[in-house]
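Thanks, everyone. Please have the sequence and the structure open while I talk.

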Amino acid sequence: QFLEVFSVHMEFLQFIIPLIIIVFYHQQISSFVAFQHFQELDEHISYVATKVCHLGDQLEGVNTPRQRAVEAQKLMKYFNEFLDGELKSDVFKNAEKIKEAADIIQKLHLIAQELPFDRFSEVKSKIASKYHDLECQLIQEFTNAQKRGEISRMREVAAVLLHFKGYSHCVDVYIKQCQENTNLRSDIFEDTAILCQRVNKQVGDIFSSPETVLAKLIQNVFEIKLQSFVKDQLEECRKSDAEQYLKNLYDLYTRTTNLSSKLMEFNLGTDKQTFLSKLIKCIFISYLENYIEVEIGYLKSRSAMILQRYYDSKNHQKRSIGTGGIQDLKERIRLRTNLPLGPSIDTHGETFLSQEVVVNLLQETKQAFERCHRLSDPSDLPRNAFRIFTVLVEFLCIEHIDYALETGLAGIPSSDSKNANLYFLDVVQQANTIFHLFDKQFNDHLMPLISSSPKLSECLQKKKDIIEQMEMKLDTGIDRTLNCMVGQMKHILTAEQKKTDFKPEDENNVLIQYTNACVKVCGYVRKQVEKIRNSMDGKNVDTVLMEFGVRFHRLIYEHLQQYSYSCMGGMLAICDVAEYRKCAKDFKIPLVLQLFDTLHALCNLLVVAPDNLKQVCSGEQLANLDKNILHSFVQLRADYRSARLARHFS
């Protein structure tokens, strides 16, 4: 009746609406009347719609219980069959209706769980048995479909099994079958990535929660296949070969984290980063806990071996550099007084510094820093990096460079030695090169690991202390080497310079040129200047050359003060000083050249006519000099007394 009434109303509406519009349009009734008609029509439509919705709710309220009652009746029928012990229904016998049977048995299984055991134990057992049988059949069907590659059938069976307890077993079967179809032996990391890519493409077409299934597959591979592989690779060399163990650990951990990065592109649930990190930690935790101890132990033994192999190749037995007590006192005295304490050691030109050794030590440390960065927990990274740096300082800076400096210092002869071979500048040259390599590794490999931690200031201070300590020894060695150079020049002058050079017996037979002593000294100086330039860099070159130039000037100045000069001898002295000045130009230090310019001007006082002496002393180059210095040079003239030259300075 309702439908009939509803259809009548709808026909009425279909008729009346156009009619109203036509009437409104053709008769042009007033807008007020038209509005009233539309309002009435809208109210009527709303009333009818409300009635229809109400009737629909009533029908649904009646139909739902009816459907439930029908379903309950069917379940009671099936339950009676189990109760009677004879399954007559076709749904349980026909293999093609396994999906419908599974739905029925799953519901019966839920109902059976609510029944008291004492009265319904038998029927509960039968239902459970059938539940288990169907579950096994479904899983077998799923397995067969997977082997045949029938994705649609797998999806259907998985949907049915979703409500069964054995659904997780279905997932396990799927995961196992996927791995059996993939060879995870040639390259387990690459093969795992390929497997996950393949499974990711199909898992969404089979399971309702594909991310859970894929995550379980990855977990299975990590915890069984990958963990076993890692253990096999590490355990065999863990105690016997530390180098191979560290290389394998670094390689395996790196490849595992790279695999994890590839797997991040898949949907594995809400927090896949944490999930994958936990899997990696489970595999490597036993190896990472004591990693740094293995690293430090290996680095120390390896560094010691590199050094020992080098010294053995030189047939050199390392001297023990004592500390404390008398040794410290000697060191303080030496640094303050620049005196060589103890006998000089002949190193036969050997610096005991090897760039090959340094490169090997730095390479080992670089690899240790790389492993430390990869294998250390972020909270432990700065502390571990500092420990590696400490080992580098111990073996490179102290055991190698500092030992070479100490040996080099001991090999510097005293300043009065004749024909001394000076090798300390070679030590300086190689030490400078090594310092640059050391500093580069500090900046390139250590700084990134400690830059944002309190260990930064500790490392910088340690580096500063060790460099200052070595620079002090380098300065001491350079100073003593310069003293030796000056001593060698003094020996040349003593051996080659004759008193008759500047006061010849026959003034007329003197060939005006520089003396033999001057030639040899200038040749020696030029060699040393070149050696200094090759041994140092930057501002150090100018600093050392200036010091050497000042000492060179002082030596020549004091040397010239020892002789008496005739007129021709004074001319010869001027020629010598001119040659010394030419040699001083090679220093390219303005102060040194200025000193020799002044010395050359002073030598003019040895030959200038007595009447012009006062005028020359007031000249541009000599006007600012102390009067006593001028007087001391004039006193060297052979005619000082006879020409009464003292009157010019009274």
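Let's start with helix H16, residues 424-450, and helix H17, residues 455-496: their axes come within 11 Å and cross at roughly 170°. That crossing makes H16 roughly antiparallel to H17. Keep in mind that this is a predicted model.

Which residues meet between H16 and H17? From H16, the list is Phe 424, Leu 425, Val 428, Ala 431, Phe 435, Phe 438, Asp 439, Phe 442, Leu 446, Met 447 and Ile 450. From H17, they meet Lys 455, Leu 456, Cys 459, Leu 460, Lys 463, Met 470, Lys 473, Leu 474, Gly 477, Ile 478, Thr 481 and Met 485. By type, the contact of H16 with H17 has 17 nonpolar residues, two polar and four charged.

Stay on H16 for a moment. Pro 448 sits in this helix. Is Pro 448 buried or exposed? Pro 448 is exposed, because its relative accessible area is 52% and the cut-off is over 50%. Now look at His 373. Pro 448 and His 373 are 75 residues apart in sequence, yet their C-alpha atoms are 9.4 Å apart in space.

Helix H18 covers residues 516-535 and helix H20 covers residues 567-585; their axes come within 10 Å and cross at roughly 10°. So H18 runs roughly parallel to H20. On the H18 side, the contact uses Ala 517, Cys 518, Val 521, Cys 522, Val 525 and Arg 526. On the H20 side, it uses Asp 576, Glu 579, Tyr 580, Lys 582 and Cys 583. The contact of H18 with H20 divides into seven nonpolar residues, no polar and four charged.

Tyr 580 leads us to the aromatic rings. Ring pairs link Tyr 580 with Phe 548, Phe 552, Phe 587 and Phe 596 into a cluster. How many aromatic pairs does the structure hold? It holds 16. Take one of them, Tyr 253 with Phe 284: the pair is edge-to-face, 5.0 Å centre to centre, with 75° between the planes. This pair links distant parts of the chain. Tyr 253 is in helix H10, Phe 284 is in helix H11 (residues 272-288), and they are 31 residues apart. Tyr 253 counts as buried at 15% relative accessibility. Phe 284 counts as buried too, at 0%.

Now to Thr 254, which lies in helix H10, residues 242-263. Thr 254 has 13% relative accessibility, so this residue counts as buried. What does its side chain contact? The side chain of Thr 254 makes a polar contact with the side chain of Arg 374, at 3.4 Å.

On to helix H15, residues 381-410, where we find Ile 388. With a relative accessible area of 0%, Ile 388 is buried. What does Ile 388 touch, leaving aside residues up to four places away in sequence? The list is Ile 292, Glu 295, Ile 296, Leu 299, Thr 365, Ala 368, Phe 369 and Cys 372. Pick out Leu 299: it is 89 residues from Ile 388 along the chain, and their C-alpha atoms are separated by 8.0 Å.

Now the loop between helix H13 (326-337) and helix H14 (355-375), which holds Phe 352. Ser 354 is placed in the loop between H13 and H14 as well. Ser 354 is buried, with a relative accessible area of 10%. A polar atom of the Ser 354 side chain lies 3.3 Å from the backbone nitrogen of Glu 356. Setting aside residues up to four places away in sequence, Ser 354 touches Tyr 310 and His 400.

Last topic: phi angles. Most residues other than glycine have a negative phi. Phe 352 is not a glycine, but its phi is positive, about 60°. Phe 352 counts as buried, at 7% relative accessibility. Arg 644 also has a positive phi, near 50°, and is a residue other than glycine. Where is Arg 644 found? Arg 644 is in the segment after helix H23 (627-634). Arg 644 is exposed, with a relative accessible area of 60%.

That's my tour. Over to you for questions.

How values were computed:
Residues numbered from 1 in each chain as written. Predicted model: local features only at pLDDT ≥ 70, side-chain atom pairs only at ≥ 80, totals over all residues. Heavy atoms only, no water. Axes fitted to C-alpha atoms, helices over the stretch in contact; angles between N-to-C directions. Helix = DSSP H or I, 4+ residues; strand = E, 2+ residues; numbered from the N terminus. Parallel < 35°, antiparallel > 145°, perpendicular 65-115°, else oblique. Contact = heavy atoms within 4.5 Å. Nonpolar A, V, L, I, M, F, W, Y, C, P; charged D, E, K, R; others polar. Buried < 20%, exposed > 50% of the residue type's maximum accessible area, 1.4 Å probe, protein only. Polar contact = N/O pair within 3.5 Å; in protein donor to acceptor, adjacent residues only side chain to side chain. Phe/Tyr/Trp six-rings, centres within 6.5 Å; stacked < 30°, edge-to-face > 60°.
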